[in-house]
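These notebook entries record what I looked up in one structure.

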Amino acid sequence: MVDAGTGRPMRADARRSYDRILKAADAAIARDGATTSLEEIARNAGVGSATLHRHFPSRRALLNAVFHDRIEGICAQAHRLIDAPDAGVALIDWLGELCRYSAKTRGLAPALLQWAGDDRPLVQDSSCHSMLHDAGDRLLRRAREAGQVRPEVSIDDLLTLVNAISLVTEANSAAIVVDDEADRLFAIAVEGIRPATN
């Protein structure tokens, strides 16, 4: 791993600090959401605030690091579905999985939507958002070409719907209820993206 400040490989002690910060951030975000206190994360990681900011210069950088591997897995699923025989079903399956995952992963949906400390919307600049956007857009284009999605529907529309459903259901602590509620709302939203039939 490369040190963000120097561009050189990270020393072993710096790597341990980095890993402790990520672990503490993951736990704090799961408990309190994306606006959790950075000072508390540093304290729980056993490092000073300066060390946290040396590794993660902004809240955006920390959130991207916490969610990166999870988002990468969701995007890998989109890549596996790109050659599925039914492009519409592939897109809906992927969006449904993203919706359920986001609803159960406290802090993910707000992290993709909230403003960061540098006054730019995270949804515009986040590498996690970019990965989701690119992966989902390929599935959407295929479904649109097959006539299974309305032509004016964009990947931004779909990610906004998924985030909205996730935000509504995230507060519910019972996982089975979150899944049921996310699935129900997602099924309603999906009807709106299909082409009208006469």
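Which residue's side chain meets that of R150 in a salt bridge? I worked from a predicted model, and in this model the partner of R150 is E152, with N and O 2.5 Å apart. I then looked up the accessibility of R150 and found a relative accessible area of 30%. Since buried means under 20% and exposed means over 50%, R150 is therefore partly exposed.

Entry on the salt bridge total. I noted that the search of the whole structure gives eight salt bridges. Side chains of opposite charge can pair when their charged atoms come close.

Entry on R70 and D26. I found a salt bridge between R70 and D26, whose closest N and O atoms are 2.6 Å apart. R70 belongs to helix α4 (residues 59-81) and D26 to helix α1 (residues 12-32), so this pair ties together parts that lie 44 residues apart in sequence. I recorded R70 as partly exposed, because its relative accessibility is 30%. D26 also counts as partly exposed, at 27%.

Entry on E97 and R100. I looked up another salt bridge, in which the side chains of E97 and R100 meet at 3.5 Å, N to O. Both residues lie in helix α5 (residues 87-104), three residues apart, which is about one turn of the helix. I noted a relative accessibility of 31% for E97, so E97 counts as partly exposed. R100 is partly exposed as well, with a relative accessible area of 25%.

Entry on the nonpolar core. Which residues touch the most other members of the largest nonpolar core? I found that they are I41, F67 and W94, in a core of 58 residues. Several helices each supply at least two residues of this core, among them α1, α2 (38-45), α4 and α5. The helices α8 (127-145), α9 (155-170) and α10 (175-193) are also included. In soluble globular proteins, nonpolar side chains tend to be buried together.

Entry on I41. I set aside the neighbours of I41 within four places in sequence and listed its other contacts. They are I21, A24, A25, A28, T36, L52 and L62.

Entry on an annotation. I consulted UniProt, where an unreviewed entry lists residues 37-56 as "DNA-binding region". In the model, I found this span to be 75% helix and 0% strand, with its end C-alpha atoms 14 Å apart.

Note on methods:
Residues numbered from 1 in each chain as written. Predicted model: local features only at pLDDT ≥ 70, side-chain atom pairs only at ≥ 80, totals over all residues. Heavy atoms only, no water. Salt bridge = Lys/Arg side-chain N within 4 Å of Asp/Glu carboxyl O. Helix = DSSP H or I, 4+ residues; strand = E, 2+ residues; numbered from the N terminus. Buried < 20%, exposed > 50% of the residue type's maximum accessible area, 1.4 Å probe, protein only. Core = buried A, V, L, I, M, F, W, Y, C linked by side-chain atoms within 4.5 Å. Contact = heavy atoms within 4.5 Å. UniProt positions renumbered as here; feature names shortened; annotations may be inferred.
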